[in-house]
Amino acid sequence: MKEIVAKRIQNIKRKQKMEEKIKELKELVKKEDAFLEKCEEYDASPDFIDDVKISYDDNLDVSAKTINGEVFLNGKLFDSNDTCDNVRYIVHEITHCLQQEAGYVDGPIDKEDYLDDPNEQEAFQAQLDFMKEHESPEEIQKYLENLLDHHGIKGKEHREKIKKLTENL
């Protein structure tokens with residue numbers, strides 16, 4: 001019984017820390033040019049982010065996901081304590097929230113072709129715009145290589161996608 005109570009207390013404390021971190025991250029995102037440019041593009045106030053529910057999910061099978069205007073971040077991002085990684089994914093996902101709010105997203109994207117989807121490309125561009133302000137070209141290249149490897153994209157297609165994703169850097 002004591003172990004169950006201790007585990008519940010531990011979970012409550014973890015959730016509180018997650019909520020505190022999300023508040024801090026939202027404030028950081030509000031200062032980022034990549035986010036501010038997206039807000040301007042969609043005629044949204046930077047305070048838009050205050051109304052977006054963002055939470056960590058230890059069971060998420062991807063780094064981040066937006067569903068019906070709600071952002072989910074993989075719990076590993078919380079555990080990593082890497083602020084830059086957290087903000088990078090929030091900028092990407094908030095772009096999807098803005099797209100959804102504007103009615104630009106019709107439904108789920110085919111997992112096979114999602115890197116070719118214009119809405120996904122726009123979100124990746126916002127993410128890359130953030131990254132180029134905070135990370136080295138080598139770190140960005142490594143991130144993109146890992147992303148494409150994760151999706152099984154190889155050979156000529158891999159080179160073409162890298163070129164397309166980095167053409168605006």
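Colleague: How many bridges join strand 2 to strand 3?

Modeller: Four bridges join them, and the two strands run antiparallel. Strands pair if DSSP finds at least two bridges between them, so strand 2 and strand 3 count as paired. A strand here is a DSSP run of E, at least two residues, and a helix is a run of H or I, at least four, both numbered from the N terminus. This is a predicted model: local features need pLDDT of at least 70, side-chain atom pairs count only at pLDDT 80 or more, and totals for chains, interfaces and linings use all residues. Residues are numbered from 1 along each chain as its sequence is written, and side-chain values use heavy atoms, with hydrogens and water left out.

Colleague: What makes strand 1 and strand 2 stand at the edges?

Modeller: The open sheet has the order 1-3-2. Strand 1 (54-57) and strand 2 (64-67) each have a single partner strand, so one side of each lacks a neighbour in the sheet.

Colleague: Why is the pair of Tyr-89 and Tyr-143 called edge-to-face?

Modeller: Rings of Phe, Tyr and Trp (its six-membered ring) pair if their centres lie within 6.5 Å; planes under 30 degrees apart are stacked, over 60 edge-to-face, the rest tilted. The centres of Tyr-89 and Tyr-143 are 6.5 Å apart and the planes stand at 65°, so the pair is edge-to-face.

Colleague: How do you know that Tyr-89 is buried?

Modeller: Buried means under 20% relative accessible area, exposed over 50%, partly exposed in between (1.4 Å probe, protein chains only). Tyr-89 has 12%, so Tyr-89 is buried. Tyr-143 has 11% and also counts as buried.
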